[in-house]
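Have the structure in view and follow the points in order.

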Amino acid sequence: MKTHTREISVALAILALAIVLAFAAPGYFSRENLTDLFLANVPVLIVALGMTLVILIGQIDISVGSIFAICGVAAGLLSKSGLPALVAALGACLAGALLGALNGTLVAYLRIPSIVVTLASMVALRDALRWQTQGAWVQDLPRDFQWFGLSQSAYPLAVAGIAVILSAGLAWILRNLAIGRAIYATGSNKEGARLAGIHTTFVTFSVFAVIGGLTGFSAALNSVRFNQIPTNAGLGLEMKVIAAVVVGGAAITGGRGSVLGTVLGVVLLGAIGPALTFLGVSAYWERAVQGAIILAALVIDAVRTRHGRSLATSHV
Amino acid sequence: MAVPLLQARSITKSYAGVRALKDGSFELLEGEVHALIGENGAGKSTLIKVMTGAIQPDSGSLIVRGHLVEQNDPGISRSMGIAAIYQQPSLFPDLSVAENIALALEGGGVWRKVDWKARNRRAGELLERAGASIQPARLVSTLSMPEQQLVEIAKAIGADAKILIMDEPTASLTDREVDSLFKTIGVFRNQGAGIIYISHRLEEITTIADRITVMRDGETIATRRREEVDKPTLISMMVGREIDSVYPKHESAAGEIALELRHVCNRATGLRDISLSVRCGEILGLAGLVGSGRTQLAETIFGLTPADSGEILLAGVPVKVGSPAQAIKLGIGYVPEDRRHHGVVLEMPIAFNTTLANLKAVSRRGLIDEGQERELAGHYLMQLRIKAPSVYTGTGDLSGGNQQKVALARWLSIHPKVLILDEPTQGVDIGSKSEIHNLMLELAAGGLAIVMISSELPEVLSISDRIAVMHQGKIGGVLSREEATQQKVLSLATY
């Protein structure tokens, strides 16, 4: 019932990249570089997990970059007002979930296409933040906010734990819980799912709230790494995240995709950019190469569906 | 005698081994309205599609104005002066009337300059000739259904169509609109065009048609002049056969009333004052023409389009069915007509489809027990004799009959009190068909109340204990098994 073709090919691509780097630029595998790469990409991964759900139900959310910026600022301001770091992080999650729920309400209950809803909220939220803060970064953060009050060495471990728990947890939920089944059914055949008694509108609403919450959490996790929180954070985040999910094998039309695929997609796209620098290729090529990978994934998909349309192979 | 406008000779067409058209022969003369009638599935649409070039016949010949048509496609058909107007007009709703007409008529490259004045003027002229007072600049989405049909007719006039095919043009029109449509048809006929007119409304046909051709089981049975026939004759010509004895008989052991509707109305879907009941262990056949509201009634009972007024009672208790989820909780199952889009999720394996409406049965606090799911799906795989290597086989890989059984398995797994089946044997092979019939009888014998919607009269007559016939959103009448005949059902369905 399960074929892992895409996951395997992305894993092989990562392996090939690693082999090339091992010979051509062993410096890539230095502890500092890998830690940096890892810390920079975990926030992307967390949002990508939410995006996996959104794409699985056949929707899209391009407002995550703006929500990310707002939640980062919210976490910083809450912390500055004297609240403990953990409460500030929770506040960021809540803010994200509320904004996601707003998107969800418009998409699920008012049936406005998600691409326009989230395009509107992307622009509106970004500019509201700019206007509210006048572009000023959040500075003079309390000491205990940095690294979540953990030491600089304990923080990466904590982040690694969080990434593993979130990914494995989501994969488990999708596989074993009734809500996971409802998500796949909604994305595969919305009308069919509704006729089977699934509350497809509620599923849609919840998924948008969840990606909002995850984005908020991701923003909080990211903001503690720096001394100040920029108001223009998360620019272009939506593209990175959607690209990772698609490269990981999710069908943009919904119903097909996996957490493992998304994780591998984030690793491949996150690793390739800096790798180019290490290999002596101009950094300007980074996005072009990423774009080529996305295109390749889509072309493989299109060719495969054209050959196997009548077979309707299952990827649940 | 003049050369006929169009002749079809012994046309045959099979779809995936099923003979849709065995012997379609038809002749259309200049200046005549020639009606084509028959039950659902008699082969009318297939014959029409051959004429418009939408499909290629397997054998037989099509002759237009004395010339044999060697090759046909929609473009060639149009260039021969054949125009078709369907029940649902196929216009572009976001373009203006003039643009819609121009798209059908204007030639030239995509970069040509558009002469808007000439375009609007021409549209205006054509509309006038069609007897329509519609502003060419109006958007099609603002037009009513009859107005849209007039635009289609204007297109046909503009294309200089000599052969006009109208498929159920009056299905959504009021009496007054029908009158004005008939006037337009009269104008067309007087200009020497021929009109092929398809309708289920026999009284209309005996008003407007000059000649009438009856189709049955893929064959054209006979052509008669209007004066030679009356409604009962036409009905018996349409039915014309005894019920096959291949259908199993069964003895009903009806018990308590399982489902009762009292004066149920649904303005949005056109259901009017429906009162009906089904007993436990009974199969109620729901007959009627396509568009008579049978599926709408099923959707109202299942909570997809909740009723505006009236009462629904389950086992004598009034209930409110506001959504499919509520219906499922109450023990109502619905196997929809469009199996591939609504009945099953093709991308999912059999097991997931089986439990989709009833995940609670195989899960505890939302956690799915895979073993239990496999067992439940395996049980129905055996009981319904679904031909698949395992319960994890993709549903999309199964044959139509087996997909239908998966859809059935899903609803049986909720242990329904009432099960509605919409065209349960449409498009399934003969073998699966009789298996599905036997299953229905077994289920009824086990006390389930079944409502079966079917367009196939022999099926309805042999499987049902009682037959409710729908006509234009209302129950035209309810017949017991003993009194029901094809003639009676058809005359209730067509009035």
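**Notes on the two chains**

1. Start in chain A, where the axes of helix 3 (residues 64-80) and helix 5 (residues 114-133) come within 8 Å and cross at roughly 30°. That makes helix 3 of chain A roughly parallel to helix 5 of chain A. Angles under 35 degrees count as roughly parallel, over 145 as roughly antiparallel, 65 to 115 as roughly perpendicular and the rest as oblique. The axes are lines fitted to C-alpha atoms, for helices over the stretch in contact, with angles running from 0 to 180 degrees between N-to-C directions. Helices (H or I, at least four residues) and strands (E, at least two) are DSSP runs numbered from the N terminus.

2. Before going further, a word on the source: this is a predicted model, where local features need pLDDT of at least 70, side-chain atom pairs count only at pLDDT 80 or more, and totals for chains, interfaces and linings use all residues. Residues are numbered from 1 along each chain as its sequence is written, while chains are lettered from A and ligands numbered from 1 in the order in which they are written.

3. Back to that helix pair: the crossing of helix 3 and helix 5 of chain A is left-handed (the near helix is turned anticlockwise from the far one by less than a right angle; clockwise would be right-handed). Helix 3 of chain A brings Gly65(A), Ser66(A), Ile67(A), Ala69(A), Ile70(A) and Val73(A), and helix 5 of chain A answers with Ser121(A), Met122(A), Leu125(A), Arg126(A), Leu129(A) and Thr133(A). Contact here is a matter of C-beta atoms, placed from the backbone, lying within 7 Å. By class, this contact has 7 nonpolar, 4 polar and 1 charged residues. For the classes, Ala, Val, Leu, Ile, Met, Phe, Trp, Tyr, Cys and Pro count as nonpolar, Asp, Glu, Lys and Arg as charged, and the others, Gly among them, as polar.

4. Now chain B, which has 17 helices and 22 strands. A compact globule of 495 residues would have a radius of gyration near 23 Å, and the 25 Å of chain B agrees with that. The radius is taken over C-alpha atoms, and the globule rule is 2.2 Å times the number of residues to the power 0.38. Along the principal axes, the C-alpha atoms of chain B fill a box of roughly 70 × 55 × 45 Å.

5. Look next for an open sheet of 6 strands in chain B, in the order 16-19-20-13-21-22, with mixed pairing. Strand 16 (332-335) and strand 22 (474-480) of chain B stand at the edges with a single partner strand each, so one side of each has no neighbour in the sheet. Neighbouring strands are turned by 20° against each other on average, direction ignored. Two strands pair if DSSP finds at least two bridges between them.

6. Inside that sheet, strand 19 (residues 418-422) and strand 20 (residues 449-453) of chain B pair in the parallel sense over 5 bridges, with Leu421(B) opposite Met452(B) in strand 20. Strand 21 and strand 22 of chain B run antiparallel, joined by 6 bridges. Arg466(B) has Ser480(B) in strand 22 as its bridge partner. These two strands form a hairpin with 2 residues between them, and Gln472(B) in the turn has a positive phi of about 50°.

7. There's also an open sheet of 4 strands in chain B, antiparallel, in the order 12-11-14-15. Its edges are strand 12 (271-279) and strand 15 (317-319), each with a single partner strand, so one side of each lacks a neighbour in the sheet. The twist averages 20° from one strand to the next. Helix 9 of chain B packs on this sheet, touching strand 11, strand 12 and strand 14, and its direction makes about 70° with that of strand 12.

8. Finally, where do the chains meet? The contact takes 26 residues from chain B and 24 residues from chain A. On the chain B side, helix 10 (324-330), helix 11 (339-343) and strand 18 (367-368) are the elements giving two or more residues. Helix 10 of chain B gives the most, with 3 residues. By class, that side has 17 nonpolar, 6 polar and 3 charged residues.

Note on methods:
Contact = placed C-beta atoms within 7 Å.
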